[in-house]
Every structure is written in structure tokens, then in C-alpha cells.
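Keep the structure open while you read.

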Amino acid sequence: MAMNGVLRPGFIQIRVLDMDEAIVHYRDRLGLHEVGTGSDGRVYLKGWDEFDRHSVILREADEAGMDVMAFKVLDDATLNEFTAKLEAYNVSVDHVEAGEQPGIGRRVGFEIPSGHRIELYAQMDRSDFGPEVVNPNVWQAEPRGMGCTRFDHALLYGPNIAAVSDLFCDVLGFRVAEQADLGPGGIAVWLTCSNKAHDIAFVTNPDPGRFHHAAFYLETVNDVTHAGDIMSYYDITIDVGPTRHGITRGQTIYFFDPCGNRNEVFAGGYTYYPDNPTRTWTPDQIGKGIFYYERELNDAFLSVYT
Amino acid sequence: MDHVEGVHCCTVVDGDTTVSFDVRDGGRLLHEMIAHRAAGISVGCRGGGCGVCRVRVLEGTYTARRMSRRHVSEADEANGYVLACRIVPTSDITVQCAPVPVPTLSSA
């Protein structure tokens, strides 16, 4: 597959209630590298296997949740093409100048019908702490804590998910890897712009702009088990897992950061190709789709989010 | 309940139901409920973010850590509304469940 257009999830900006606690969680427990703190107090982090400067931004605020998820596109010309396509689709776009965050080029932002802010950008500085490129070791320094390799995907809650799915597919070139009928009024979609089973997912919720989780990638199911060991040792609240998703087939634990944002460690998942048919889950089997071993949703899946 | 040094009694009122459990000195209300295998307050993220454990304090004193303003406005807070996962009782305390309504899919 020639990947161009939208390449992958680039960064997510998460609101936290206590920055000191959040740094300990994301740096020492998840094992992200702390890149630095901006002049406005936002803290920048990245996974050890990511080349770019940062992929996770923490902003202290008076409520938890997600400010924005951004995707990196191939180059500046591609960014211009997507801007024109969005405008032709009657999406109102705004422009964020280079330097609003350290080390990143200009961004194009827009609100999708679920109430979330999405941004696109083409340039970010290379990290000094990314994978080596000459005679590369497996890692530049041994992973810490859960050893999360990268920011992998997010699941967002809001209304108008069919329209959101159409926008991502028709304008940004995503494909629907899996979809679920949740019963009266509810759907869910798992969208990919790559070879991954999902790069972003959405579930119907009447409340716009809600954040279900940000997921961080681990290489193997053994790493997921190790992450669980870290969670118990440090008394991190586990939502569910270790288990497997029927959807994407990834191995997983859902857990919470210190101010209640849900995180996921995620390993595996199948390889997606653009000619793959969309997999569909019916309302009676959705429990198995979300939690393959439990075969039922827990109460928190639909009701606990930020 | 007789007063035990270092322990406060928490009473949770939910409609006609009343549940009581001990809260150790310095313990967070919701976490103490869970630790004592008690029930009465819904459990969510346990970090002040999701609003599931919202209660109104009817009687008693407490200290509160930051709670998502989305679920506890300044006016709410002045009227005793808190998230049970973010308060530490400093006396015996009585709270009433006041969860943020969970929207249903069909209202989307």
C-alpha cells in the first residue's frame, strides 16, 4: 500500500487536572519521554519508537478530556489539497501558525460533526530521542514503566457519527475497517488511514466532544501483561483487562490517568489493506466485539468518559 | 455509630436507601467505600474527570481536590456538590447521590 495523504495520528492534546501527577503517570508509568515544557505550561511527550518531536501534549485545565487530535499528512502540498477538499465539503477550517507548539509547522484545524477538533499538519521537527537511523539499536535507551512505543489511536464519543465517518472517508481518505450497530440510535466506526486496524474510532453519544480513550502501542501481549503489573504495583485504576478486542483483535487493558482520562495499552491488531471488506458487528454481539473474552460490555464502556 | 479515633462514618443517602461505611482519616470518600466493599455511590474513573460519583454533602466537613468543572460548577461546589472520588472527609459525613445523568443512545 502506498501510504500518502493522511499518514497517521500525529499528536493528541489531553486536559489534566494536576500536571505533576499527570507527568508521573505519562512519563514514569506509561514510559513516554518528556520532551519539555512550553512557555504556556503545556508539557510535551513522545513514545520511544516515534521519530517526531512529540505526540502527547498535556494541558492543565479545570476539566479533563481532549482538546484536539491531529494527523500528520505527507507534505505541505498535501496539506493544501486537504484544506481545499475540506472547504469544498463545506467544512469551516482555521489556520494555526507554525510555532504555536514548539517544533511544529502550520496546522489546519476544523470541528467535525461529533464536536471534536481535528487538525492536520505536514511538518514536525525530528526528535533527538527517536529511533537511531545508522546501525540502529532496538532502542536508544531501555524503555521505562509500561514501555509504550507510540501514541496509537483514540476513541471519541459524540453525535452524528455517520456524518463523521463520511467526512473522514470522503475528504481525508480513511476507510471503515469495522463498524457496529449499537441498537436504537447508536453506531460505532473504526477508521483507518494506514495498514493499522484503526487510527481513530467513534461511538455515538448525545454529548458532543467527549473523550473515551487514548491508546498507546505495545509490541506484544507479554508487554500488555507487564503493563498490568505496573498498574497493580502503582495502584493505577484498571477499567477492564487484560483482555482482547474482537474488533481489531488487539490485546488490551483500559485504565485511567490520575484525573480520570481513560488510557489504553494496545498490542497486535490485524493488518489492514484498502481492499479489505468492512467487518460488521450486530447489536447482539457487540459485547464480544468490544471485549472478546468477557463477551459483554462493562457498565463503564458507555457511561464513563471525559 | 460510636466515634472511633481516626475513622469517620460516611452515610450515603440514595432515595429511600441509606448505606454507612467507615472512612479512614485522610482517605478519599469513594476509595474508602470501595475498600470497605460498600456500595451506594456509582464508581467511574476515580480521578475527578467523569462525574459518575457526583454527590451532595448534606452534613459534615471535607477537603476537596480539583474536580472537572464540567460536572461540578462553582455554584454547585458552593452548594455542597462534589465528586466523591476527590473529597477527603474531616468529620462524620452524610452525602446524597447526585449523579450526572448518563445520556442514552436514542437521544443522540
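The second largest cavity has a volume of about 30 Å³. Its lining is made up of B:Arg28, B:His31, B:Arg46, B:Gly47, B:Arg65, B:Cys85 and B:Arg86. By class, that lining splits into one nonpolar, two polar and four charged residues. Remember that this model is predicted.

**Cavities**

- Two cavities of 30 Å³ or more turn up in a search of the whole structure.
- The largest cavity holds about 100 Å³.
- The largest cavity has 14 lining residues. Nearest its centre lie A:Trp190, A:His198, A:His213, A:His245 and A:Tyr254.
- Strand S9 and helix H5 (286–290) of chain A each supply at least two residues of this lining.
- Seven nonpolar, six polar and one charged residue form the lining of the largest cavity.

**Largest pocket**

- Which element gives the most to the lining of the largest pocket? Helix H1 (residues 19–29) of chain A does, with four residues.
- The lining of the largest pocket counts eight charged, seven nonpolar and four polar residues.
- Why does the largest pocket lie between domain 1 and domain 2 of chain A? Domain 1 (6–121) and domain 2 (150–303) both give residues to its lining, so the pocket lies between them.

**Second largest pocket**

- About 370 Å³ of space lies in the second largest pocket. Its lining has 19 residues.
- A:Arg8, A:Asp49, A:Glu50, A:Arg150 and A:Phe151 are the closest to its centre.
- Strand S1 (6–16) and strand S9 (150–158) of chain A each give at least two residues to this lining.
- S1(A) gives the most, with four residues.
- The class count for the second largest pocket is six nonpolar, five polar and eight charged residues.
- Domain 1 (6–121) and domain 2 (150–303) of chain A both contribute to the lining of the second largest pocket, so this pocket lies between them.

**Aromatic pairs**

- How many aromatic pairs does a search of the whole structure find? The total over all chains is 15.
- One of them joins A:Phe168 and A:Phe174. Their ring centres are 5.0 Å apart and their planes meet at 85 degrees, so the pair is edge-to-face. The cut-off for that label is over 60 degrees.
- Are A:Phe168 and A:Phe174 buried or exposed? A:Phe168 is buried, at 0% relative accessible area. A:Phe174 is buried too, at 3%.
- A:Phe168 also pairs with A:Phe202. Here the centres are 5.6 Å apart and the planes at 50 degrees, so the pair is tilted.
- The A:Phe168 and A:Phe202 pair links distant parts of the chain. A:Phe168 is in helix H3 (residues 161–170) of chain A, and A:Phe202 is in strand S12 (residues 200–204) of chain A. They are 34 residues apart.
- A:Phe202 is buried, with a relative accessible area of 0%.
- Ring pairs also join A:Tyr157, A:Tyr254, A:Phe291, A:Phe301 and A:Tyr305 into a cluster. A:Tyr254 is among the residues nearest the centre of the largest cavity.

**Charges over rings**

- Where does A:Arg29 lie? A:Arg29 lies over the face of A:Tyr234, 3.5 Å from the ring centre.
- A:Arg53 places its charged end over the ring of A:Tyr44, at 5.3 Å from the centre.

**Chain B**

- Chain B contains two helices and seven strands.
- In what order do the elements of chain B run from the N terminus on? The order is β-β-α-β-β-α-β-β-β.
- Chain B has 108 residues, and buried residues make up 44% of them.

How values were computed
Residues numbered from 1 in each chain as written. Chains lettered and ligands numbered in written order. Predicted model: local features only at pLDDT ≥ 70, side-chain atom pairs only at ≥ 80, totals over all residues. Heavy atoms only, no water. Nonpolar A, V, L, I, M, F, W, Y, C, P; charged D, E, K, R; others polar. Domains from an automatic or database assignment. 1 Å grid on protein atoms, 1.4 Å probe; cavity = no way out; pocket = protein on both sides within 12 Å on 5 of 7 lines; lining within 4 Å. Points joined across faces, edges and corners; volume = space filled by probe spheres on them. Phe/Tyr/Trp six-rings, centres within 6.5 Å; stacked < 30°, edge-to-face > 60°. Buried < 20%, exposed > 50% of the residue type's maximum accessible area, 1.4 Å probe, protein only. Lys NZ or Arg CZ within 6 Å of the ring centre and 35° of its normal.
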